[in-house]
Protein chains: 2
Amino acid sequence: MSGFYGVPKDLSVLQKQRVEYSPELPPSLRAEKIGIEYSDTTTSADSLSYSLLTQYLPHTYGQPLVHFVENAAADSGDCTTKEHPVVKVGFVFCGRQTPGGHNVVWGLYDALKKNNAKNSLIGFIGGSEGLFAQKTLEITEDVLATYKNQGGYDLLGRTKDQIKTTHQLNEALVSCQALELDGLVIAGGANSNNDAAQLAELFAASKCKTKVVGVPITLHGDLKNQFVEADVGFDTICKVNSQLVSNICTDALSAEKYYYFIRAIGRKASHVSLECALQCHPNMVILGEEVASSKQTLFDITNQIADVVQARAQKDKNHGVIIMPEGLVESIPEMSALLNEIHSQLKRGVPADDVASQLSPWASALFEFMPPFIKKQLLLAPESDGSAQLSQIELEKLLAQMVETEIEKRKKEGNYKGKKFSAICHFFGYQARGSLPSKFDCDYAYALGHVTNHIISAGLNGYMATISNLKNSISKWRCGAAPITAMMSVNQFAQDPSTKTVGKLAIFPATVDLKGKTYEMYKKNCTSYVMDDIYRNPGPIQYEGPGSEEKTFTLCTGEEDYMGKIKDLQDHLHKVQNIVKPGCSQDVLNVALSSMASVTKILTIISSPSHSDHSYL
Amino acid sequence: MSGFYGVPKDLSVLQKQRVEYSPELPPSLRAEKIGIEYSDTTTSADSLSYSLLTQYLPHTYGQPLVHFVENAAADSGDCTTKEHPVVKVGFVFCGRQTPGGHNVVWGLYDALKKNNAKNSLIGFIGGSEGLFAQKTLEITEDVLATYKNQGGYDLLGRTKDQIKTTHQLNEALVSCQALELDGLVIAGGANSNNDAAQLAELFAASKCKTKVVGVPITLHGDLKNQFVEADVGFDTICKVNSQLVSNICTDALSAEKYYYFIRAIGRKASHVSLECALQCHPNMVILGEEVASSKQTLFDITNQIADVVQARAQKDKNHGVIIMPEGLVESIPEMSALLNEIHSQLKRGVPADDVASQLSPWASALFEFMPPFIKKQLLLAPESDGSAQLSQIELEKLLAQMVETEIEKRKKEGNYKGKKFSAICHFFGYQARGSLPSKFDCDYAYALGHVTNHIISAGLNGYMATISNLKNSISKWRCGAAPITAMMSVNQFAQDPSTKTVGKLAIFPATVDLKGKTYEMYKKNCTSYVMDDIYRNPGPIQYEGPGSEEKTFTLCTGEEDYMGKIKDLQDHLHKVQNIVKPGCSQDVLNVALSSMASVTKILTIISSPSHSDHSYL
């Protein structure tokens with residue numbers, strides 16, 4: 001079977017040009033001397049997470065943040081000048097194929113070979129399956145030749161499932177020991193990085209020399225936190241989806257007779273839909289986060305859309321474009337509850353055909369209301385992470401049907417006087433995943449590949465490779481590593497307010513922040529989208545000329561460089577320490593003391609739990 | 001309502017750059033002196049067409065081919081040096097929105113203004129509806145500002161229907177007379193150019209001064225003949241579809257668990273599917289023309305696909321990509337016959353719900369075999385040109401279901417031992433129509449706009465603007481005009497061999513030529529597509545750098561410059577005449593005589609009907 005992988009590809013003109021493209025590296029990775037600086041040890045978000053982290057991941061919890069810098073300072077480590085012993089690293093693609101994945105492999109390969117020509121990189125074939133079964137492919141310049149800057153995961157294939165059992169964890173351990181790996185790189189989203197954290201802990205506890213490193217790469221853009229500004233692939237996915245959404249907007253405006261209902265990739269989070277909205281200005285976006293926070297029902301959403309259709313018809317506009325995230329169904333309270341009931345029946349072994357008869361009265365009533373195609377889709381077995389098979393549930397079709405019925409009703413009542421409502425539904429779930437990666441994703445992924453090498457080289461275990469300040473030019477990117485445990489927390493369910501169930505310890509996918517700047521930007525403009533048809537077409541991904549350097553609004557409106565600021569703070573503390581050394585003047589000491597006392601007092605107050613509680617009042 | 005049209009657009013970075021792009025013009029259109037040369041009068045394909053053409057289109061039949069040339073020769077007309085009287089031209093977008101349409105308007109506008117600053121161009125709003133109702137928008141530099149090199153037809157909106165009735169023809173005549181138009185430009189596909197021919201004839205017969213000019217622009221690429229090498233929009237549509245198909249190929253190869261069934265735009269003709277196949281190398285392409293010529297049934301096609309799935313499973317490949325044209329259903333003999341029966345019932349006024357009970361026994365049996373969703377789609381009323389609502393009939397889903405059933409059967413019989421067959425279906429019918437046009441389409445459309453002006457300026461009526469030698473660089477493009485009547489013929493139905501029904505006189509959409517070079521190129525390579533997964537990704541449309549000058553394989557393998565060769569022949573004949581003038585030597589005359597006698601003899605033989613009959617034996 002390994003005969004399929006890493007075989008040379010037949011390349012188009014553009015692919016050939018992309019293969020020749022050398023991503024630019026940020027200064028710290030280009031430097032002759034790459035230094036490593038350790039920041040403070042990382043902490044956990046809350047006391048419950050702390051107790052669970054120290055209990056379940058004691059070996060990998062509380063490690064310091066790490067920064068890779070050019071021109072290593074005297075007191076910092078140095079990754080490059082000391083003799084590099086020969087290392088052997090393994091690589092696994094986890095989760096869905098995402099544009100840019102091949103460049104992580106390439107970047108890691110180049111960095112490994114730069115350190116020591118005898119270093120080697122092996123890829124596991126078919127993702128975790130290959131890891132368990134030790135199915136490998138040695139990465140060489142020849143193997144990489146036609147995969148540089150190319151989309152897909154076809155160099156190696158990918159994991160079909162999460163690492164779930166202790167048996168699987170042990171198989172991975174045995175493989176890494178048998179292959180004498182110094183490092184294991186897991187490239188994937190939140191779930192895959194949770195797997196990486198588990199492996200890192202197991203390896204540390206078992207005194208296995210293999211260092212586990214995670215790389216943030218996912219289509220959905222939902223592995224986001226203070227350390228991770230963006231996921232590899234999100235830029236490309238948004239650009240391809242925006243291209244298609246905006247083509248459809250132009251189509252709607254030219255044909256003037258259809259309402260297009262588009263469901264975009266992104267699972268439960270609406271990052272892709274929100275970015276597409278900012279890029280293309282479709283008439284409506286149903287954000288899962290808005291629906292969940294305002295507890296909108298299916299009927300509320302239907303009415304909201306029907307109101308727009310009616311208002312537009314009054315202006316003689318009988319067309320429009322409405323987008324929504326792949327997993328909107330899970331954000332609608334009653335649908336989510338219905339899915340929960342169905343899934344618990346299925347888990348109990350009730351055959352799909354019998355589930356309907358076992359539902360509670362209200363769930364049964366809702367289920368029976370659904371058209372047959374949705375019934376069938378709701379009854380599909382849940383995925384390995386417990387969520388519904390979101391790609392398969394055609395909520396856009398359900399909504400289109402419900403809006404049609406509502407408009408018919410309003411017509412009969414004399415409230416709707418527009419032309420016939422015609423909907424065309426699209427699910428953009430597969431069209432972008434195999435795309436050629438954008439320039440940004442090529443550069444970012446290649447640089448992250450380099451970072452993973454430096455993490456392994458520094459002997460760090462259970463870290464995720466990070467690059468921050470991404471919204472600025474590559475020359476300002478800052479490279480580092482954050483312990484995966486620092487991104488983990490515990491969710492608490494409170495189905496009945498008196499009892500709290502403690503959920504699992506994990507990195508949770510980030511949803512759209514309704515207090516964030518990206519959403520704010522959208523809110524400021526979205527009312528004009530509804531009626532004015534100010535559609536905008538970002539066009540296809542460009543590799544040269546105008547447009548080729550464009551980044552997502554999501555990235556550009558995101559919080560500024562948390563990792564970099566942590567480092568800057570560290571630098572200030574160091575400077576104070578260096579200025580106020582024993583022997584300094586009394587004046588200097590007094591000023592330092594009073595200033596620092598004031599700073600610590602302010603920080604103590606604003607970081608106390610009671611303060612943060614107040615801020616929400 | 002006209003308030004919606006021609007309003008400035010909100011442009012993205014790439015759109016802004018495209019607005020700034022000035023298409024290059026071929027030398028004959030850039031020339032200070034543009035000459036007009038008349039070739040021979042055009043003829044009809046057969047005697048039946050001749051008799052109908054002379055009967056129904058006597059005023060516009062038999063006009064000469066026209067070439068626009070730089071440095072006008074002494075004996076040719078000259079479009080540019082004489083004083084240009086002020087002209088007023090109207091423009092109509094017909095048929096589906098197609099990338100490049102706006103550039104035809106722009107090219108025409110620029111050429112008109114170059115001739116005389118007082119010339120004016122008006123656009124009809126909403127296509128033929130606007131033409132009948134005299135709803136117009138004056139095209140100005142301001143109106144065009146944000147539409148140059150942009151997709152869609154939203155500058156003016158488009159025709160929803162063909163011009164069908166005498167009443168409509170007369171309304172158009174009244175409009176053109178009332179608005180005192182010197183020219184009327186109809187941009188569209190085969191059907192719309194048929195309408196243009198009817199209008200031209202009516203206008204000529206009515207001594208209306210308005211000259212009607214057609215422009216070949218259609219998504220489907222099926223307005224092709226010896227005069228028309230390519231349609232505006234086809235290049236872009238193929239590129240966007242190829243981008244998506246190849247993304248899905250990469251996806252299939254990365255995920256290794258799905259068969260993707262993709263139905264591509266193109267109505268009954270398979271031009272887009274064939275081009276995508278040459279660009280992306282999917283595992284299978286079901287060409288409508290192959291199916292029709294070998295009379296494959298739905299079950300034959302199902303078995304053919306199942307055989308491929310089975311053979312691939314034996315090599316441990318459980319994924320694949322299969323593409324087919326939008327209108328494949330009409331190429332499958334029994335489905336086409338079923339549709340005919342259904343349509344004739346519907347035409348007779350039988351309600352859709354009752355049609356099933358009125359079908360003939362065999363048609364009824366076939367209909368009852370279909371799953372409910374297809375039944376519903378087959379019962380949709382036919383379009384205005386008599387064909388089924390091809391975009392609505394999800395044949396890809398039907399085939400996927402039938403293949404699944406077949407594979408299940410083979411599994412039970414022990415013949416199929418692969419993994420579970422999982423299909424995902426796509427219809428790429430709307431995603432490309434509103435795309436930013438490719439560089440080729442921008443250039444071609446803009447140049448055609450210029451040509452239409454010269455046609456009107458030369459007082460020609462019932463012509464289509466043509467540019468030939470398109471596969472070469474713009475500096476070698478040759479501009480001309482061909483009478484639309486020269487592209488028309490009559491189809492003869494022979495449902496029962498003894499009686500031939502004479503159909504309508506029209507330009508018929510061209511299907512893929514199974515003896516042509518494009519098909520030959522595909523046949524040479526398609527066997528390796530099936531098993532080897534040599535997927536190729538042409539990537540997104542580029543506007544700068546490598547890939548931006550790429551043209552379709554369909555164009556590049558097409559026949560070389562028929563219009564240009566006609567002109568070259570004319571030039572040779574002229575030269576002979578100039579050399580062999582009375583007074584030349586006896587020797588020269590003798591050589592000319594014997595050479596020409598031999599040429600005429602050869603041509604007489606090979607162009608006789610009996611010869612062409614023999615060539616098919």
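**Notes on a predicted two-chain model**

1. Helices (H or I, at least four residues) and strands (E, at least two) are DSSP runs, numbered from the N terminus. An unreviewed UniProt entry annotates residues 88–450 of chain A as "domain: Phosphofructokinase". UniProt positions are given in the numbering used here, feature names are shortened, and annotations may be inferred rather than shown by experiment.

2. This is a predicted model, in which local features need pLDDT of at least 70 and side-chain atom pairs count only at pLDDT 80 or more, while totals for chains, interfaces and linings use all residues. Residues are numbered from 1 along each chain as its sequence is written, chains are lettered from A and ligands numbered from 1 in the order in which they are written, and side-chain values use heavy atoms, with hydrogens and water left out.

3. The unreviewed UniProt entry also lists residues 388–415 of chain A as "coiled-coil region". In the model this span is 64% helix and 0% strand, with 37 Å between its end C-alpha atoms.

4. Between chain A and chain B, 21 residue pairs are in polar contact, both residues being at pLDDT 80 or more. A polar contact is a pair of N or O atoms within 3.5 Å; within protein, one must be able to donate a hydrogen and the other to accept it, and residues adjacent in sequence count only if both atoms are side-chain atoms.

5. Two salt bridges are found across the interface of chain A and chain B. The rule asks for a side-chain nitrogen of Lys or Arg within 4 Å of a carboxyl oxygen of Asp or Glu. One pairs A:Asp251 with B:Arg433, at 2.7 Å from N to O. A:Asp251 is in helix α9 of chain A and B:Arg433 is in the loop between β12 (423–428) and α19 (439–457) of chain B, so the pair joins two chains. A:Asp251 is buried at 0% relative accessible area, and B:Arg433 is buried at 4%. Buried means under 20% relative accessible area, exposed over 50%, partly exposed in between (1.4 Å probe, protein chains only).

6. The whole structure has 42 salt bridges over all chains. Among them is the pair A:Glu37 and A:Lys567 (3.5 Å, N to O). This pair links distant parts of the chain, as A:Glu37 is in strand β1 (residues 34–41) and A:Lys567 is in helix α22 (residues 562–579), 530 residues apart. A:Lys567 is buried, with a relative accessible area of 10%.

7. In chain B, B:Glu396 and B:Arg263 form a salt bridge, with their closest N and O atoms 2.6 Å apart. B:Glu396 is in helix α18 (residues 395–412) and B:Arg263 in strand β9 (residues 259–264), so the pair ties together parts that are 133 residues apart in sequence. Both are buried: B:Glu396 has 2% relative accessibility and B:Arg263 has 0%. In chain A, salt bridges with shared partners join A:Asp307, A:Glu406, A:Lys409 and A:Arg410 into one network.

8. Is A:Arg18 buried or exposed? A:Arg18, in helix α1 of chain A, counts as buried at 1% relative accessibility. Beyond neighbours within four places in sequence, A:Arg18 contacts residues including A:Lys148, A:Asn149, A:Leu436 and A:Tyr543. A:Arg18 and A:Pro437 are 419 residues apart in sequence, and their C-alpha atoms are 9.5 Å apart in space.

9. B:Asp182 is in the loop between α7 (166–178) and β7 (183–188) of chain B. At 17% relative accessibility, B:Asp182 counts as buried. Its side chain makes a polar contact with the side chain of B:Lys209 (3.2 Å). Not counting residues up to four places away in sequence, B:Asp182 touches residues including B:Val86, B:Lys88, B:Thr210 and B:Ile456.

Methods: Contact means heavy atoms within 4.5 Å.
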